[in-house]
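Here is a short note for a colleague who is new to this structure. Please read the points in order, with the model open beside them.

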Amino acid sequence: MAVNWGKIGLLAGGALFGSYGVKILSSKTMKSGYTHTTAAVLRMKDEVVKDFTTIKENCEDIATDAREINEERARKEEEKMIQDAKDLLASVEEKSAEEAE
């Protein structure tokens, strides 16, 4: 039976790398790196939340202004309809007065 030394070497190398990899990843230097990376991510999150809040406030302002524009437009249309009705009524009364004479 032939022994495949290449596979055994890979297995031993993987076990060795795994053992030292855990030590390397849990070292003080790496923890410091993780801490700085996490701090940067948290700062970025705060900026994103701040930008989102600004965008949300702007959208709310736009929606409020749009509602006011629509209410003003509806009020003017209603006033125009009332004025048109008054004008029509006045012209009908005028014709009735002319016919009565």
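1. One cut-off comes first: buried means under 20% relative accessible area, exposed means over 50%, and partly exposed lies in between. E47 has 42% relative accessibility, so E47 counts as partly exposed. Keep in mind that this is a predicted model.

2. Overall form. The protein has two helices and zero strands. Its radius of gyration is 40 Å, well over the 13 Å that the globule rule gives for 101 residues, so the protein is more spread out than a compact globule. Along the principal axes, the C-alpha atoms fill a box of roughly 130 × 40 × 10 Å.

3. Burial and surface. How much of the protein counts as buried? The figure is 1% of the 101 residues. The protein exposes about 9500 Å². Carbon and sulfur atoms supply 64% of that area.

4. Helix α1. This helix covers residues 5–25, and I8 lies in it. The relative accessible area of I8 is 41%, so I8 is partly exposed.

5. Charge. There are 15 positive and 20 negative side chains. The centres of the two sets lie 27 Å apart. On the surface, E57, E60, D61, D65, E68 and E71 gather in a patch of negative charge. E68 belongs to helix α2, residues 28–100. At 46% relative accessibility, E68 is partly exposed.

6. Salt bridges. Side chains of opposite charge can pair when their charged atoms come close. The structure holds five salt bridges. One of them joins K50 to E47, with the closest N and O atoms 3.6 Å apart. Both residues lie in helix α2, three residues apart, about one turn of the helix. K50 is partly exposed, at 48% relative accessibility.

7. A linked set. Because R75 and E72 are three residues apart in helix α2, about one helical turn separates them. For R75 and E79, the closest N and O atoms are 2.4 Å apart. This pair is also in helix α2, four residues apart, again about one turn.

8. R75 has a relative accessible area of 37% and is partly exposed. E72, at 32%, is partly exposed. E79 is partly exposed too, at 43% relative accessibility.

Conventions: Residues are numbered from 1 along each chain as its sequence is written. This is a predicted model: local features need pLDDT of at least 70, side-chain atom pairs count only at pLDDT 80 or more; totals for chains, interfaces and linings use all residues. Side-chain values use heavy atoms; hydrogens and water are left out. The radius of gyration is taken over C-alpha atoms; the globule rule is 2.2 Å times the number of residues to the power 0.38. Buried means under 20% relative accessible area, exposed over 50%, partly exposed in between (1.4 Å probe, protein chains only). Accessible areas come from the Shrake-Rupley method with a 1.4 Å probe; for residues, only the protein chains shown count as cover. Lys and Arg count as positive and Asp and Glu as negative; His and the chain ends are not counted. The place of a charge is taken as NZ of Lys, CZ of Arg, CG of Asp or CD of Glu. Patches are made of residues with over 30% relative accessible area and no salt bridge: like charges are joined within 9 Å, nonpolar side chains (Val, Leu, Ile, Met, Phe, Trp, Tyr) within 5 Å. A salt bridge is a side-chain nitrogen of Lys or Arg within 4 Å of a carboxyl oxygen of Asp or Glu.
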